[in-house]
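Hi,

Here is the structure I said I'd pass on. Have a look first, then read my notes below.

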Amino acid sequence: MQHLFFSQKIIAWYNSHKRDLPWRNINNPYFIWLSEVILQQTRVVQGMPYYFKFIETFPTVQDLAAADEKDVLRLWQGLGYYSRARNLHTTAKIVVENYGGEFPNTYQELLKLKGIGTYTAAAIASFAFGEKVAVLDGNVYRVLSRVFGESTDIASNGAKRVFTKIAETVLPDKDSDTHNQAIMEFGAMQCTPGIPNCMFCPLSMECVANATGRVGVLPVKSKKIKVKERFFNYFVIEQNRNFAMHERTQKDVWLGMYDFYLKELSESIDSLDDIIEGDGFLNDLLKNSVIRTESIVYVHILTHQKIQTKFWHIEINPDFVLNLPSNFRWYSLNEVDDLPKSTLVNNYLTSFIF
């Protein structure tokens, strides 16, 4: 199949089937960058409300750079992968401080910014500045693998080099930005994971995977992610409608988010006595309080972790003076609502406290 023919067909399909998305048909690098970061590991339908919230709250990169990180994390709440939000904030400050508030206009310069990898740099360079550079995301891997019958394991060390070469070969000199939008949209809507409807695919006659019956096995991805199991017991400490919370500062999940007093165990234990064994703070606390509720076990799945969590709602006697751990303080309900929190903690609060 001629490579030019591939691009022509992809673009023709795109012009007829593309979704009307707010970050398309614009060349504002800040808005494009926001959309690309938000849509990493996130479906469009989930990410779009966050995109609108961010451009409304922080309409310029200067506004984002000047924001408090806590406010950025609070706005990001529910999207997960919170390092994206922290990198977003850091990069905004770098753009303002080192580039005068103007995004670098080349692929190579964009790569120097924190949190911007090869895909995001290519997307900004292509869509905002019209640079001829190929984008390569999961959708593009899938399309190229199937159409050209490429069986290189996309999780292997050499996959990026192999697929970048193919992507650059099919990239046209003219309308390369439209081509990039088209191939990503084609992978998202037509050449989908699993078994897509190849009967109505404009590339069905040229597709190697379709011709050889390998649509269901391409692209090849053999590596399995090892999932670590963790067991959390959160103690929701309440006194006079105030709640004891702290900011997570250790390099772990939900860095910069706020949560309750946590006892992490190596296994699932139902007995409260066994959970608090050896913890002087909790033993002292429970002598002067009542257990209002014991939650069900919440199962929260992250990319590399499965976290099983139980919440123990503890109400302290009104007059008891509790010496909180040094990094904890009391927050009113309104203050708790404003704090950035993990989806797990927020779901519990929404269901049982707010």
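Which residues does N180 touch, not counting residues up to four places away in sequence? They are S126, F127, V133, A134, V135 and L171, where contact means heavy atoms within 4.5 Å.

Before the rest, some ground rules. This is a predicted model, so local features need pLDDT of at least 70 and side-chain atom pairs count only at pLDDT 80 or more, while totals for chains, interfaces and linings use all residues. Residues are numbered from 1 along each chain as its sequence is written, and side-chain values use heavy atoms, with hydrogens and water left out.

**The whole protein**

The protein has 16 helices and eight strands. Both are DSSP runs numbered from the N terminus: helices are H or I with at least four residues, strands are E with at least two. Along its principal axes, the C-alpha trace spans about 80 × 50 × 35 Å. Of the 354 residues, 48% count as buried (under 20% relative accessible area; exposed is over 50% and partly exposed is in between, with a 1.4 Å probe and protein chains only). Take the contacts with a separation of 6 or more: 67% of them come from residues 24 or more positions apart.

**Helix α11**

Back to N180, which sits in helix α11. N180 counts as buried because its relative accessibility is 1%. The helix covers residues 176–189, and its 14 residues reach 20 Å from first C-alpha to last, close to the 20 Å expected at 1.5 Å a residue (the expected span is 1.5 Å times one less than the number of residues). Ten of the 14 residues are buried, so α11 is largely enclosed by the rest of the structure. Among the buried ones are S176, H179, I183 and F186.

What is the angle between α9 and α11? Helix α9 (residues 138–148) packs against α11 at about 85°, with the axes 8 Å apart. Axes here are lines fitted to C-alpha atoms, for helices over the stretch in contact, and angles run from 0 to 180 degrees between N-to-C directions. That makes α9 roughly perpendicular to α11 (65 to 115 degrees; under 35 is roughly parallel, over 145 roughly antiparallel, and the rest oblique). On the α9 side, N139, V140, R142, V143 and L144 meet I183, M184, F186, G187 and A188 of α11. By class, this contact has seven nonpolar, two polar and one charged residues. Ala, Val, Leu, Ile, Met, Phe, Trp, Tyr, Cys and Pro count as nonpolar, Asp, Glu, Lys and Arg as charged, and the others, Gly among them, as polar.

**The cores**

A nonpolar core is a set of buried Ala, Val, Leu, Ile, Met, Phe, Trp, Tyr and Cys residues joined through side-chain atoms within 4.5 Å. The largest one has 91 residues, and W33, F54, L64 and L144 touch the most other members. Helix α8 (residues 118–129) gives the most to this core, with eight residues. Another core, of 17 residues, lies apart from it and includes I276 and F328.

L218 and P219 are joined by a cis peptide bond, with omega about 0°; P219 is in the loop between α12 (208–212) and β1 (228–239). Q41 isn't glycine, yet its phi is positive, near 60°. Q41 counts as exposed because its relative accessibility is 61%.

Happy browsing!
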